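This report goes through selected local features of a two-chain structure. The sequence and the coordinates come first.

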Amino acid sequence: MSAGSARDGRIDHGDPPTAAARPRFAVVDYGAGNLVSIEQALIRVGADVAIARDPAGLDGAHALVVPGVGAAAPAMERLRAAGLVEPIRGWIAAGRPYLGICLGLQLLFDGSDEDGAATLGVIPGRTTRLVDAPTLPHIGWNQVERVRDHELFAGIAPDADFYFVHSYAGAPEAERDDVVLARTTHGGSFVSAVARANLLGVQFHPERSGDDGLRLLTNVVALVRAGAAAGSATPSVALA
Amino acid sequence: MLRRRVIPCLDVANGRVVKGTRFVDLVDEGDPPELAERYAAEGADELVFLDIGAAPEGRGTLLDIVERTARRAFIPLTVGGGVRSVEDMRDVLRAGADKVSLNTAAVADPGLISACAARFGRQAVVVAIDARRRPDGQGWEVVVKGGREATALEAVDWAERTVALGAGELLVTSMDRDGTRSGFDTELLRAISSRVEVAVIASGGAAGPLDFVAAVREGGADAVLAASIFHRRIHSIAAVKQAMADAGLPVRVVPEAAA
């Protein structure tokens, strides 16, 4: 991470969060589509939701959710215009809970082949077009095959289906990297979930995946609650 | 493997779900969000709302219905009917829809497809094609305005063109079969699905579970839509999926409570 982003990343998010009964999730709104479903799904599973349209929108949040569908370049442009790129980088660098959904996962990589955009650069690798896909976009329910156990999928059947809507997916540079949590097959195989400490990302839409999706979001809320209780979610963690 | 989707369609007019035959003779079938929640619990893979009133003064009602549905049914929602501009599409997505279906407005201005795809991504743009078999049996013509107006467009050519313009899915309705419970027009479906790489949703004519199997096997459809057989509980979503699974088609398992 550059010195500039580290400096900007040391942003004041207000008082350190406490182990709230209903942890507060900041959902980033940068004009990339439907926010109602993720907002309502999080509320349903026990979170408080604040829609964040600028850096101040992250104040007091226990977790950050970046949703969205579509292409990387306009998304990065809108995040930049909202002054949110460096606060998001800083949030992740501080080890605070982050959930990227679809485009919000793809943005974690270095860049996207879809339009050449440079993205957040948190996970080494690129967002690439699905290989050998029989239909594109990949729209519909598909199996999420876990490659290791993680609390994100606690209580969810190993063959559960989740809802996908995309043509591109993030490809981590090192496949053996422990960031990969699950893979999905549509023609070729692609990474459909990642996890590294408090950094979570899913290529599918849990907010649109019925009961299993709500279960996954319940697990996210539980992880955030536990992290807040243990102090690992506070911004006191040293920046990278 | 990608599952073949089963999609209940809710035709909405004046805030209620209605269903007609060949696009007319409407019968009231219930409250949209209530039906949507029921279908989500019963294992629907997705929902489609078509605002068949689509009068400008009814837009607020539709957006309210979309928003109330998005709060109750956590499965994907496509909304069509009366979307004539990028701004209309934005309003519908903001209310909680995941995709918008374009029909008459796309025929009138094909550039609308590209504009919407550029702004929201092609995955959010469904082009609905209502097709009627030509009297001489030579292909299908596109009809618009809820079946009231014929166009000079050949359905298969139009399908290819909309995909080139940015359609992410095609919702193909046989107007000859709509509401008749005489089975899907699998020839129409095959003619289109064999020419495009996007998903084709079959619509119009579902009578029983085996029709869903035929739409996929013979028609090459990725998803199958039906209205009256679900609204009137003639067949359950679970029964349809069971028939598809028995035929070897990949489907998402229906939640146990509903099966």
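The text below treats chain A and then chain B of this predicted model.

**Chain A: a three-stranded sheet**

In chain A, 3 strands make up an open sheet with the order β5-β6-β10, and their pairing is mixed. Its edges are formed by β5 (109-112) and β10 of chain A, each of which pairs on one side only. From one strand to the next, the twist averages 30°. Strands of a sheet pair through backbone hydrogen bonds, in either a parallel or an antiparallel sense. β5(A) and β6 (residues 123-129) of chain A run parallel and are joined by 3 bridges. Within this part of the sheet, S112(A) has T127(A) in β6(A) as its bridge partner.

**Chain A: loop residues**

The loop between β6 and β7 (138-143) of chain A contains P137(A). The peptide bond leading from L136(A) into P137(A) is cis, and its omega is near -5°. D132(A) also has its place in the loop between β6 and β7 of chain A. Although D132(A) is not a glycine, its phi is positive, at about 60°. With a relative accessible area of 63%, D132(A) is exposed, because exposed means over 50%.

Which residues does S167(A) contact, apart from its neighbours within four places in sequence? They are T128(A), R129(A), L130(A), L136(A) and P137(A). S167(A) itself lies in the loop between β9 (161-166) and β10 (168-172) of chain A. The relative accessibility of S167(A) is 15%, so this residue counts as buried; the cut-off for buried is under 20%.

A197(A) belongs to another loop, between β12 (188-196) and β13 (199-202) of chain A. A197(A) is a residue other than glycine with a positive phi, near 50°. Its relative accessibility is 73%, and A197(A) therefore counts as exposed.

**Chain B: a hairpin**

Strand β8 (residues 140-144) of chain B pairs with β9(B) in the antiparallel sense, over 3 bridges. The hairpin of β8(B) and β9(B) has 4 residues between the strands, and in this hairpin K145(B) takes a positive phi near 55°. A150(B) is located in strand β9 (residues 149-154) of chain B, where V143(B) stands opposite A150(B). Is A150(B) buried or partly exposed? Its relative accessible area is 42%, so A150(B) is partly exposed.

Leaving out neighbours within four places in sequence, A150(B) has contacts with R132(B), E141(B), V142(B) and V143(B). E29(B) is 121 residues from A150(B) along the chain, and 28 Å separates their C-alpha atoms.

| Helix pair | Angle between axes | Axis distance |
|---|---|---|
| α8 (residues 209-217) and α10 (residues 237-246), chain B | about 50° | 8 Å |
| α3(B) and α5 (residues 111-120), chain B | roughly 45° | within 10 Å |

By their angle, α8(B) and α10(B) are oblique to each other, and α8(B) passes α10(B) in a right-handed crossing. On the α8(B) side, the contact is made by P209(B), F212(B), V213(B) and V216(B), which meet A239(B), V240(B), A243(B) and M244(B) in α10(B). By class, the residues of this contact are 8 nonpolar, no polar and no charged.

α3(B) and α5(B) are oblique to each other too, and α3(B) passes α5(B) in a right-handed crossing. Here V86(B), M89(B), R90(B) and L93(B) of α3(B) meet L112(B), A115(B), C116(B), R119(B) and F120(B) of α5(B). The contact of α3(B) with α5(B) comprises 7 nonpolar, no polar and 2 charged residues.

D91(B) is also part of helix α3 (residues 86-95) of chain B. D91(B) has a relative accessible area of 30% and is therefore partly exposed. D91(B) and L63(B) are 28 residues apart along the chain, with 7.7 Å between their C-alpha atoms.

How values were computed: Residues numbered from 1 in each chain as written. Chains lettered and ligands numbered in written order. Predicted model: local features only at pLDDT ≥ 70, side-chain atom pairs only at ≥ 80, totals over all residues. Heavy atoms only, no water. Axes fitted to C-alpha atoms, helices over the stretch in contact; angles between N-to-C directions. Helix = DSSP H or I, 4+ residues; strand = E, 2+ residues; numbered from the N terminus. Parallel < 35°, antiparallel > 145°, perpendicular 65-115°, else oblique. Left-handed = near helix turned anticlockwise from the far one by under 90°. Contact = heavy atoms within 4.5 Å. Nonpolar A, V, L, I, M, F, W, Y, C, P; charged D, E, K, R; others polar. Buried < 20%, exposed > 50% of the residue type's maximum accessible area, 1.4 Å probe, protein only. Pairing = 2+ DSSP bridges.
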